[in-house]
Amino acid sequence: MTDTDTDTETDTETDTAPRKSSAAPVEPAPTLGQRAEAAAARALYGALGLLPVDTASGLMGRLLRMVGPLIPVSRVGRDNLARAFPEKTSAEREAILRGMWENLGRIAGEYPHVHKAGFLRRRMTVNGVDTLEAMRDDGIGGLFFSAHVGNWEVSSYAATAADLPLHRFYRAANNPLIEATLYQRGRSGMQGELLPKGRKGAARALGLLKRGGHVAIMVDQKQNEGIPVPFFGRDAMTTPAVAEFALRLKLPVIPTRTVRLGGARFRVDVGPPLDVTPTGDHRADVAALTARITQVVEGWVREHPDQWLWVHRRWPKD
């Protein structure tokens, strides 16, 4: 039963029954802490934007490489690395963790620059332009999946460069002032919509895909409402959204990742479509395709472990 159905039933019961307000909920005013956090973020964003991108990237990379391993959340990263690479020594895993923090720092330093005209033309190479062009011209929708590897903010610009509007799911910042002034500004210049996670975003994505649009989904983070599939030999709760959309609408599924080549230079790999052959058992097909997608992501992480986001709690606690 929808909210509209409930309202209708209330109205027919009695004329004096209280009616639900149709006004949009009033957002609470930002707290003092949120204002201070946003002011600091804007100042850092502005300062990094004034620096040459190589300087900003290197500065933030060195800073987080030193400081990041001392932050409490690094315990999550160490736990994850021990699960994924039990064969590696603690020193080897610690080196991966430091590399991850450097990559995150570089992403922060590059963030004020990636939307600037000409930045990616000089610093990004794309493998698979023919796939992007084919997706653009085939007259149907399509799904791209990616992960938090390299500088993941870069890959969407590869689609923009190919004149392929790409609608992307994303998680809004907890601080609405940072969301409005930094996240949206930093993602300017991309073609396509930003879709909120959840039912509203899923419904919008479904409509876009039916009309021939293209949607990108990050598939490497834990989703409690997802399905368990193997990741580094352990079940991890994973979004089945790509598989659900692809199988329901009979759309191609394209793996896409960004690899940091060194400094503020990148390569975007756009793979050929995965072979999707339904068996008629929808639930089993969704699970199988989601597992294949996750295997692709695992391969990316194994190839460049220092470029993945290890500080996310991907697996349930033992």
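**Local packing**

Leaving out residues up to four places away in sequence, Ile227 touches Ala236, Met237, Thr238, Pro240, Val286, Ala287 and Thr290, where contact means heavy atoms within 4.5 Å. The model is predicted, so local features need pLDDT of at least 70 and side-chain atom pairs count only at pLDDT 80 or more, while totals for chains, interfaces and linings use all residues. Residues are numbered from 1 along each chain as its sequence is written, and side-chain values use heavy atoms, without hydrogens and water.

Ile227 belongs to strand 6 (residues 227-231); helices (H or I, at least four residues) and strands (E, at least two) are DSSP runs numbered from the N terminus. With a relative accessibility of 23%, Ile227 counts as partly exposed, a class lying between buried (under 20%) and exposed (over 50%), for a 1.4 Å probe and protein chains only.

The axes of helix 4 (residues 74-84) and helix 5 come within 10 Å and cross at roughly 130 degrees; axes are lines fitted to C-alpha atoms, for helices over the stretch in contact, with angles from 0 to 180 degrees between N-to-C directions. On the helix 4 side, Ser74, Gly77, Arg78, Leu81 and Ala82 make the contact, and helix 5 contributes Arg93, Glu94, Ile96, Leu97 and Trp101.

Helix 5 (residues 90-110) also holds Arg106, which is buried at 14% relative accessible area. Beyond its neighbours within four places in sequence, Arg106 is in contact with Ser57, Gly58, Met60, Gly61, Arg260, Gly263 and Ala264.

The largest nonpolar core has 49 residues, and Leu143, Phe145 and Trp310 touch the most other members; such a core is a set of buried Ala, Val, Leu, Ile, Met, Phe, Trp, Tyr and Cys residues joined through side-chain atoms within 4.5 Å. Among the elements giving two or more residues to this core are helix 4, helix 5, strand 2 (142-146) and helix 12 (282-303). A second, separate core of 21 residues includes Met124, Leu132, Met135 and Phe266. Phe145 touches, among others beyond four places in sequence, Ile217, Val242, Leu274, Ile293 and Trp300.
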